[in-house]
Amino acid sequence: MEKLIELLSEIKEDVDFETCTTLIDDGILDSFDILQIISTIDDEYDISIPAAEIIPANFNSAAALLEMIERLSEE
């Protein structure tokens, strides 16, 4: 989780990724941020995020992102 928080903080510095659970719902992340996150996750975790996984529920919090990463890593 620490690595993911660090990566997210590089993309969007002024966000508390450790506690925020409404990153999409509250408009904290915009579409450009999401594209950057997807690209970073693809590179860092060597996984590909399919379009079907690009939904608000998977991007609303760092915990949700980590769950998605772990799930895709197992496939």
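## Charged pairs and a helix crossing

In this predicted model there are zero aromatic pairs, a pair being defined as two rings of Phe, Tyr or Trp (its six-membered ring) whose centres lie within 6.5 Å. Because the model is predicted, local features need pLDDT of at least 70 and side-chain atom pairs count only at pLDDT 80 or more, while totals for chains, interfaces and linings use all residues. Residues are numbered from 1 along each chain as its sequence is written, and side-chain values use heavy atoms, with hydrogens and water left out.

Side chains of opposite charge can pair when their charged atoms come close. The model holds three salt bridges, each being a side-chain nitrogen of Lys or Arg within 4 Å of a carboxyl oxygen of Asp or Glu.

| Salt bridge | N to O distance |
|---|---|
| Glu 44 and Lys 3 | 3.7 Å |
| Lys 12 and Asp 33 | 3.1 Å |
| Arg 71 and Glu 53 | 2.4 Å |

The side chains of Glu 44 and Lys 3 meet in a salt bridge. Glu 44 lies in helix H2 (residues 31-45) and Lys 3 in helix H1 (residues 2-11), so this pair ties together parts that are 41 residues apart in sequence; helices here are DSSP runs (H or I) of at least four residues, numbered from the N terminus. Glu 44 is partly exposed at 40% relative accessibility, and Lys 3 is partly exposed at 41%, where buried means under 20% relative accessible area, exposed over 50%, and partly exposed in between, with a 1.4 Å probe and protein chains only. The charged end of Lys 3 also sits over the ring of Tyr 45, 4.7 Å from the ring centre, a description that requires NZ of Lys or CZ of Arg to be within 6 Å of the centre and within 35 degrees of the ring normal.

Lys 12 forms a salt bridge with Asp 33, and this pair links the loop between H1 and H2, where Lys 12 is found, to helix H2, which holds Asp 33, 21 residues apart. Lys 12 is partly exposed, with a relative accessible area of 21%, whereas Asp 33 is buried at 5%.

Arg 71 forms a salt bridge with Glu 53. Arg 71 lies in helix H4 (residues 62-74) and Glu 53 in the loop between H2 and helix H3 (56-59), so the pair ties together parts that are 18 residues apart in sequence. Arg 71 is partly exposed at 32% relative accessibility, and Glu 53 is buried at 16%.

Note on methods
Helices (H or I, at least four residues) and strands (E, at least two) are DSSP runs, numbered from the N terminus. Rings of Phe, Tyr and Trp (its six-membered ring) pair if their centres lie within 6.5 Å; planes under 30 degrees apart count as stacked, over 60 as edge-to-face and the rest as tilted.
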